[in-house]
Amino acid sequence: MSKQLSSRAELITEATQAAAGFGAANDLVDEAAAAAFGVNRTDLRIIGLVANAGTLTAGGLATAAGLSPAATTTAIQRLIHAGHLTRKTDADDRRRAVVELTPRAVDLLEEVYGPVERAGRELLERYSAAELAFIVDLLRRGERMQLAEARRVRER
């Protein structure tokens, strides 16, 4: 910490400022990644969702991304055209199509985000198991809070 904080209120303020700073820094990484992929931030989020899932149907992707079916279809087309996604028939249900990352997109994800992940893991190595459990709990709760706030803002 840069300064000695004396009260709980000061610690809460410092924690919220640190979280905001972390979020802003994360946004800068994602902006740079979107530029590296030649896509917008929504398309980058779609790339990440597909990377995490392996394959997704258009409907599953729309739900995960919080987009309308039409917006999802448009984004899929853009990403196929850009060489980041492929669409193929679902092996389990031949009536459905699924999208997955191209090998080029997988390589670019590793090039862009691999060093970030390794640096993050290196940072986390300094913490005890109990501290890591606390960090995981804090981040999971924060994620749920942020998702609820996103819904609140969209619904206003």
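**From one residue to the chain**

D30 sits in helix α1, which covers residues 8–37; helices here are DSSP runs of H or I with at least four residues, strands are runs of E with at least two, and both are numbered from the N terminus. This is a predicted model, in which local features need pLDDT of at least 70 and side-chain atom pairs count only at pLDDT 80 or more, while totals for chains, interfaces and linings use all residues. Residues are numbered from 1 along each chain as its sequence is written, and side-chain values use heavy atoms, with hydrogens and water left out.

Is D30 buried or exposed? D30 counts as buried because its relative accessibility is 17%; buried means under 20% relative accessible area, exposed means over 50%, and partly exposed lies in between, with a 1.4 Å probe and protein chains only. Apart from residues up to four places away in sequence, D30 touches R41, L44 and Y113, where contact means heavy atoms within 4.5 Å. With Y113, the side chain of D30 also forms a polar contact of 2.6 Å. A polar contact is a pair of N or O atoms within 3.5 Å; within protein, one must be able to donate a hydrogen and the other to accept it, and residues adjacent in sequence count only if both atoms are side-chain atoms.

The protein chain as a whole has 6 helices and 3 strands. Their order along the sequence is α-α-β-α-α-β-β-α-α. The radius of gyration of the protein chain is 19 Å, well over the 15 Å given by the globule rule for 156 residues, so the chain is more spread out than a compact globule. That radius is taken over C-alpha atoms, and the rule is 2.2 Å times the number of residues to the power 0.38. Along the principal axes, the C-alpha atoms fill a box of roughly 60 × 40 × 30 Å. Of the 156 residues in the protein chain, 21% are buried. Among contacts with a separation of 6 or more, 39% join residues 24 or more positions apart.

T72 counts as buried because its relative accessibility is 1%. Beyond the residues up to four places away in sequence, T72 touches A58, L61, A62 and L67.

Strand β2, residues 85–89, contains K88. At 43% relative accessibility, K88 counts as partly exposed. Which residues does K88 contact, leaving aside its neighbours within four places in sequence? They are R96, A97, V98 and E100. The side chains of K88 and E100 are joined by a polar contact of 2.9 Å. K88 and T57 are 31 residues apart along the chain, and their C-alpha atoms are separated by 9.7 Å.

L124 is in helix α5, which spans residues 103–124. A relative accessibility of 38% makes L124 partly exposed. Residues up to four places away in sequence set aside, L124 touches L132 and I135.
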